[in-house]
Amino acid sequence: MLSTRQLRYFEAIARHRHFGRAAEDCAVTQPALSMQIREMEEMLGVRLLERGRGGVRLTPVGEEAAARARGVLAALADMERTIRDSGRLLEGRLRLGVIASIAPYLLPRLLPEMARRYPGLEIALRESQTEHLVAELVQGDLDLVILSLPVEHPALDAMALFEDRFILAVPEASADFPGPQASADSILAADLLLLEDGHCLRDQALNVCHKADARQLRRFGASSLATLAQLVANGQGITLLPDLFVRAEGGRMEGIRLLPFPDPVPARTIGLVWRHTLPYREDVEAVADMVKACRPGV
């Protein structure tokens, strides 16, 4: 019979596609991890991996095995939590993931409120990009994730919380946008500053600026909205800022003119995501209520 250790090691390889990084993730030596995978293959009588100089690839049956391994590990994590925390998510330890374009503007209000309502709750935070948070949620390393919807995965459920409108930020002295409102049609890729690849906010901004040619974007990507705002304030270009960030900054930023979009205003949907096997619907709804109440501007 396969062991949970083998499933965990195999899932790590499937995620990293690299024996060394998978071993580091599992806190074991590479030979020990490799031996467990070979034993797993021998037990099943199939090849799960293709090993080569370019790294590791999963065979077709390996892809199927990886999906099932994630489901088994997630179910085990949910069972462990249910038993340990007596059926409550908001007791004991909550593993919460938040994408980077939300965390700095929501958490300063959300965390004190959660501590006030649930004084015995220990919160383990993980801030990262959507792709990484979703993978960790599916495999059972996180309990809840706050991110921008949609997220489509058969193992996950989602709840929309609020709409976060986009605002165009231009240098205060710019003459290119004389009117009081923004126009998506007038935004050129050559002027547009965006977050680096991997941030969902980058793709959402490009969707708003549908006439901007992505091939003409500058070879620069900021890692935070604060960096983008500073670049705009210093005349280096324009950008789209979510209302969540603008309100957290007090609604005004030195050196920047904020231009709202006319209706229909482009926006992203902020939501809460969890595994559908997680048996805590009441607690999930309690977290959702706190997030909605703690967003800046409410």
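Gly92 lies in the loop between α4 (60–84) and β3 (93–99); helices (H or I, at least four residues) and strands (E, at least two) are DSSP runs numbered from the N terminus. The model is predicted, so local features need pLDDT of at least 70 and side-chain atom pairs count only at pLDDT 80 or more, while totals for chains, interfaces and linings use all residues. Residues are numbered from 1 along each chain as its sequence is written, and side-chain values use heavy atoms, without hydrogens and water.

Gly92 has a relative accessible area of 30% and is therefore partly exposed, a class between buried (under 20%) and exposed (over 50%), with a 1.4 Å probe and protein chains only. The C-alpha atoms of Gly92 and His153 are 27 Å apart. Along the chain, 61 residues separate the pair.

The chain contains 10 helices and 9 strands. Its C-alpha trace spans about 70 × 50 × 30 Å along the principal axes. Of its 298 residues, 47% count as buried.

Helix α2 (residues 19–26) packs against α3. Their axes come within 9 Å and cross at roughly 100°; axes are lines fitted to C-alpha atoms, for helices over the stretch in contact, with angles from 0 to 180 degrees between N-to-C directions. Helix α2 is therefore roughly perpendicular to α3, a label for angles of 65 to 115 degrees. Contact (heavy atoms within 4.5 Å) involves Phe19, Gly20, Ala22, Ala23 and Cys26 of α2 and Gln30, Leu33 and Ser34 of α3.

Val46 sits in the loop between α3 (30–44) and β1 (49–52). Its relative accessibility is 31%, so Val46 counts as partly exposed.

Note on methods. Angles under 35 degrees count as roughly parallel, over 145 as roughly antiparallel, 65 to 115 as roughly perpendicular and the rest as oblique.
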